[in-house]
Amino acid sequence: MSVAMIEDVLRLRDITKSCPLCGRHFSRVGKDLEHVFPRWLQKRHNLWTRKLTLPNFVGRKYKSIRVSICPRCNNQRFGELERLISGLTANGDAFDAMAEVDDHQVAAWLGKIFWLLCRKSHVSVDPKAPRARKPTRVLDGEIMRGVTYLGVIERAHAMSRGMYACFRGDPPIPEYFYSEPYSLYRFRIDASDPNTEAFDFKDNPIVLGAAIRTGSFGVVCLYDGGLHRFFRSHWLMPLWGNALHPHQFNEVVGRIFYDQLVLDDAAQQVQYFWNRPLKAVVAMNATQRSYNPYLQENHDPLACAEFVARYVGAKVADLLTEEGNDIRTALVDDAGKFRTYPRQVV
Ligand SMILES: [Zn+2]
């Protein structure tokens with residue numbers, strides 16, 4: 001536990017030998033071969049033979065993506081969460097029903113799928129993350145916020161521990177300065193368009209973001225130390241209280257992910273502590289609370305259009321304005337108010 005637990009995640013053990021969630025050795029605790037995308041989700045949306053479009057899984061079918069985890073994680077710690085979410089999203093209004101699942105659980109659930117995909121596809125070998133030296137209470141040095149950051153969140157959840165984020169220079173007052181280590185946004189989806197599918201999943205290991213949509217429930221989560229929530233969530237305000245068309249949700253995902261590409265490199269670093277009274281990992285962002293690390297000088301309209309185009313399935317030229325200095329949006333009108341998505345008349 002504690003610092004040893006954090007170190008163990010950073011070591012990225014062989015997932016054929018130990019549980020990628022709790023880290024316990026299969027030779028001691030046994031293992032279950034599980035679908036990374038839960039069976040109930042595949043069944044509900046008929047995903048079995050559909051192919052995933054993730055960069056590392058081109059041509060792989062959903063049903064073929066499986067990984068071994070230990071029975072305790074499978075049946076208890078994550079299994080209970082799986083059953084809860086499966087039940088709540090089964091009928092009626094999934095968005096409303098999901099209100100009873102707190103953000104931490106949603107982040108851990110979506111994060112589990114994303115983390116297992118990362119481990120399975122080997123993108124978790126993070127060349128930028130130097131091995132931590134032998135620690136006592138604090139892990140020395142700062143490491144890049146690679147996918148291991150998500151691994152630490154999942155490990156903490158698996159071990160019934162907490163994880164918080166704070167900023168460099170914050171006073172040691174947990175109740176004011178420790179917050180969620182992610183930026184999680186829920187959206188109500190208008191699922192009534194027969195021309196769209198009821199399910200979607202998108203992820204991006206570079207920005208450490210994942211999004212899932214099932215029925216009227218859509219969620220986007222960045223495992224970013226809460227940076228986006230703190231500095232960039234203002235542009236999402238016109239969307240709150242409105243139902244997004246699936247195409248609009250795709251644009252939101254693309255834009256949230258793109259935001260992370262303009263981050264100051266300094267903000268990509270993190271230092272881990274173990275807080276004994278809280279029984280929690282504290283991940284300290286390397287930048288200060290007063291410093292906005294989203295750098296406008298890193299923003300490039302063309303790069304943004306190219307990036308978002310992949311998520312919305314549009315041509316880059318159609319997304320760029322005539323002057324080429326901004327990108328068109330289907331989210332808000334010229335006055336910045338939410339715009340209802342125009343339906344195609346069939
Ligand atoms: Zn486990």
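Colleague: Is helix H1 (residues 3-10) mostly covered or mostly exposed, and how many of its eight residues are buried?

Modeller: This is a predicted model, and in it H1 is mostly covered, with seven of its eight residues buried. Those residues are Val-3, Met-5, Ile-6, Glu-7, Asp-8, Val-9 and Leu-10. Just after H1, Leu-12 has a positive phi of about 50 degrees.

Colleague: What average pLDDT does the chain have, and over which residues is the pLDDT below 50?

Modeller: The average over the chain is 89, and 90% of the residues score at least 70. The stretch with pLDDT below 50 covers residues 123-137. Beyond near neighbours in sequence, that stretch has 26 contacts in the model.

Colleague: How is the packing of two helices described, and at what angle do H5 and H7 pack?

Modeller: In general, two packed helices are described by the angle between their axes and the distance between the axes. Here, helix H5 (residues 79-88) packs against helix H7 (residues 103-120) at about 105 degrees, and their axes are 11 Å apart. Because angles of 65 to 115 degrees count as roughly perpendicular, H5 is roughly perpendicular to H7.

Colleague: Which residues make the contact between H5 and H7?

Modeller: H5 contributes Leu-81, Glu-82 and Ile-85, while H7 contributes Gln-105, Trp-109 and Lys-112. By class, the contact of H5 with H7 has three nonpolar, one polar and two charged residues.

Colleague: How many residues does the largest nonpolar core have, and which of them have the most contacts inside it?

Modeller: The largest nonpolar core has 65 residues, and Tyr-149, Tyr-223 and Tyr-272 have the most contacts inside it. H7 gives the most to this core, with 10 residues. Another core, of 36 residues, lies apart from the largest one; among its residues are Trp-235, Leu-244, Val-253 and Phe-338.

Colleague: Why does Val-253 count as buried, and which residues does Val-253 touch?

Modeller: Val-253 counts as buried because its relative accessibility is 0%, and the cut-off for buried is under 20%. This residue is found in helix H11 (residues 246-259). Not counting residues up to four places away in sequence, Val-253 touches Lys-202, Ala-211, Val-220 and Tyr-311.

Colleague: How far apart are Val-253 and Pro-172 in sequence and in space?

Modeller: Val-253 and Pro-172 are separated by 81 residues in sequence and by 34 Å in space, C-alpha to C-alpha.

Key: Residues numbered from 1 in each chain as written. Predicted model: local features only at pLDDT ≥ 70, side-chain atom pairs only at ≥ 80, totals over all residues. Heavy atoms only, no water. Axes fitted to C-alpha atoms, helices over the stretch in contact; angles between N-to-C directions. Helix = DSSP H or I, 4+ residues; strand = E, 2+ residues; numbered from the N terminus. Parallel < 35°, antiparallel > 145°, perpendicular 65-115°, else oblique. Contact = heavy atoms within 4.5 Å. Nonpolar A, V, L, I, M, F, W, Y, C, P; charged D, E, K, R; others polar. Core = buried A, V, L, I, M, F, W, Y, C linked by side-chain atoms within 4.5 Å. Buried < 20%, exposed > 50% of the residue type's maximum accessible area, 1.4 Å probe, protein only. pLDDT = per-residue confidence, 0-100.
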